[in-house]
Amino acid sequence: KSINYIIGPTWTSAGLAIAPIATKNKNLLMMSPSLGVREFNEYGENLFNLWPHDDVATTKLAHYAIRQGWKTAAIFSSQQPWEKTQGNAFEKEFQRIGGKITIKIETLPNANDLRSEALKVVNSNPNVIFFANYERMHLAAKEVQKLGYHGNKMAPMLDETRIKNAQGALENTITIDYPEASQEFTNKYIHKYKK
């Protein structure tokens, strides 16, 4: 038997790896509930994201930083595809609207010792640090705090696990979240799909 419908994958690395294979089977429909990069669903007509493209929200954070008067930013990112996309999106938009990137760090995705990278970030003297390294964000935040940085922090996504694991180092970090669907959208959806 052939498979016609796949829910998943849930993470960018797997999604980008499987997209070229999945698009070869036109009888297959693949939908990711949480993959937040456009490269996945734009790879083929049979691939869909239910999660928004996170780089859209990331560019909004760049605008927020400039409105706060934060003209310089350091980016703590990694080479993991989703994290790299967020770091690149923030960098591009922040510079486009007049900000300056003091340093951009892209560690290996599984790097656990971030002391030397944190020192470079803190020594670049930014007005804000943008943490795009979601999986290791708590480690990076703890290292910059140990070095005496208590300035502004931003992240494209933040959850209770990261906050808890950072042991206070991510307090007051500014992040962005998506609004609930409006009642108008919900009504149109129910009218069209009957559920």
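How many helices and how many strands does the protein chain have? The protein chain has eight helices and seven strands, where helices (H or I, at least four residues) and strands (E, at least two) are DSSP runs numbered from the N terminus. This is a predicted model, in which local features need pLDDT of at least 70 and side-chain atom pairs count only at pLDDT 80 or more, while totals for chains, interfaces and linings use all residues. Residues are numbered from 1 along each chain as its sequence is written, and side-chain values use heavy atoms, with hydrogens and water left out.

Along its principal axes, the C-alpha trace spans about 60 × 40 × 35 Å. Of the 195 residues in the chain, 42% are buried, that is, under 20% relative accessible area with a 1.4 Å probe and protein chains only. Taking contact to mean heavy atoms within 4.5 Å, 60% of the contacts between residues at least 6 apart in sequence join residues at least 24 apart.

The interior can be followed through its nonpolar cores, each a set of buried Ala, Val, Leu, Ile, Met, Phe, Trp, Tyr and Cys residues joined through side-chain atoms within 4.5 Å. The largest nonpolar core has 31 residues, and those with the most contacts inside it are Phe76, Val121, Ile129, Phe131 and Val144. Two or more residues come to this core from each of helix H1 (12–22), strand S4 (72–78), strand S5 (100–107), helix H5 (115–123), strand S6 (128–131) and helix H6 (137–146), and H6 gives the most, with five residues. Leaving aside neighbours within four places in sequence, valine 144 is in contact with Phe76, Ala118, Val121, Val122, Ile129, Phe131 and Tyr149. Apart from this core lies another, of 14 residues, among them Ala62, Ile75, Val128 and Ala132.

Proline 9 is found in the loop between strand S1 (5–7) and H1, and it counts as buried because its relative accessibility is 17%. Not counting residues up to four places away in sequence, proline 9 touches Ala14, Gly15, Ile18, Met30, Ser32, Pro33, Leu35 and Phe40. The C-alpha atoms of proline 9 and alanine 132, which are 123 residues apart along the chain, are separated by 21 Å.

What of the surface? The protein chain exposes about 11,200 Å², of which carbon and sulfur atoms supply 53%, the areas coming from the Shrake-Rupley method with a 1.4 Å probe.

Methods. Buried means under 20% relative accessible area, exposed over 50%, partly exposed in between (1.4 Å probe, protein chains only).
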